[in-house]
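Have the viewer open as you read.

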Amino acid sequence: MQIKANLNHIKSNIPSHVTLVAVSKTKPIPDLMEAYNAGQRIFGENKIQEMVEKHETMPKDINWHMIGHVQKNKVKYMAPFVRLIHAVDNFKLLEEINKQAQKHNRIIDCLFQIKIATEDSKFGMQKTEASKIIESKDFSALKNINIIGLMGMATFTDDEQQIKKEFTLLKNTFNELKPLKSFNFNPQIISMGMSGDYQLAIDCGSNMIRVGSSIFGSRNYSI
Ligand SMILES: *Cc1c(COP(=O)(O)O)cnc(C)c1O
């Protein structure tokens, strides 16, 4: 019951133009089913193997989002069904997603991950790298991918001003890349904000939030 109550609480606190991705990584299927039975249809996972297993056993009207860092050699396992890949941060990965999407006669939606955090450990591209890709001839040859927006992860800190600065950087990056023209670049989504900062993210222009622990409770990585 708690999961349903948590979901309803979050949904009543976000505007209707904001999409809620329920981040279910490490959580068991009964927990996900509780969210499903409460109406949730978008789930985010950060490990491909775990997402594949959950996809196989759960109802087929779920939209699975890969929110974690993606290794090229594992793209093939999720290519048949993944709905959105949030963290694309290099051209080689994009080529592999395109190749695997083609095999399944699909066009796979992706987001470019932009590095907004000051920490070295966070993945992502600079704006100039993203614009170079979008304007390249090689990019326009990728018929089976569609870049529908940007994703970012803020620095892990309690400093709200710092987080706000980073979210604003992502929003500004979105606005600056938006005019670029390619048939497979159709930016509408800004994926930013997690349990601790989604209200701030929405205030800074997010329209897709990725919320885990505020729905499913804290994660235990030791089991
Ligand atoms: C785990 C994770 C989240 C959700 O984090 P919470 O703080 O539990 O809401 C969001 N985005 C990414 C990329 C994650 O890996």
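## Cysteines

A disulfide here is a pair of cysteine sulfur atoms within 2.5 Å. By this rule, the count comes to 0 disulfides. Buried means under 20% relative accessible area, with a 1.4 Å probe and protein chains only. C110 counts as buried because its relative accessibility is 0%, and C204 counts as buried because its value is 11%.

## Ground rules

This is a predicted model, where local features need pLDDT of at least 70, side-chain atom pairs count only at pLDDT 80 or more, and totals for chains, interfaces and linings use all residues. Residues are numbered from 1 along each chain as its sequence is written, and side-chain values use heavy atoms, leaving out hydrogens and water.

## Around the ligand

Which residues are around the ligand? With a heavy-atom cut-off of within 4 Å, they are V23, K25, I67, M151, M153, M194, S195, R210, V211, G212, S213 and R219. By class, that shell has 6 nonpolar, 3 polar and 3 charged residues.

A polar side-chain atom of S195 sits 2.5 Å from a ligand oxygen, and one of K25 is 2.6 Å from a ligand oxygen. S213 uses a polar backbone atom, 2.8 Å from an oxygen of the ligand. The protein buries 90% of the 390 Å² that the ligand exposes when taken alone.

Terms used
A polar contact is a pair of N or O atoms within 3.5 Å; within protein, one must be able to donate a hydrogen and the other to accept it, and residues adjacent in sequence count only if both atoms are side-chain atoms. Accessible areas come from the Shrake-Rupley method with a 1.4 Å probe; for residues, only the protein chains shown count as cover. Ala, Val, Leu, Ile, Met, Phe, Trp, Tyr, Cys and Pro count as nonpolar, Asp, Glu, Lys and Arg as charged, and the others, Gly among them, as polar. Buried means under 20% relative accessible area, exposed over 50%, partly exposed in between (1.4 Å probe, protein chains only).
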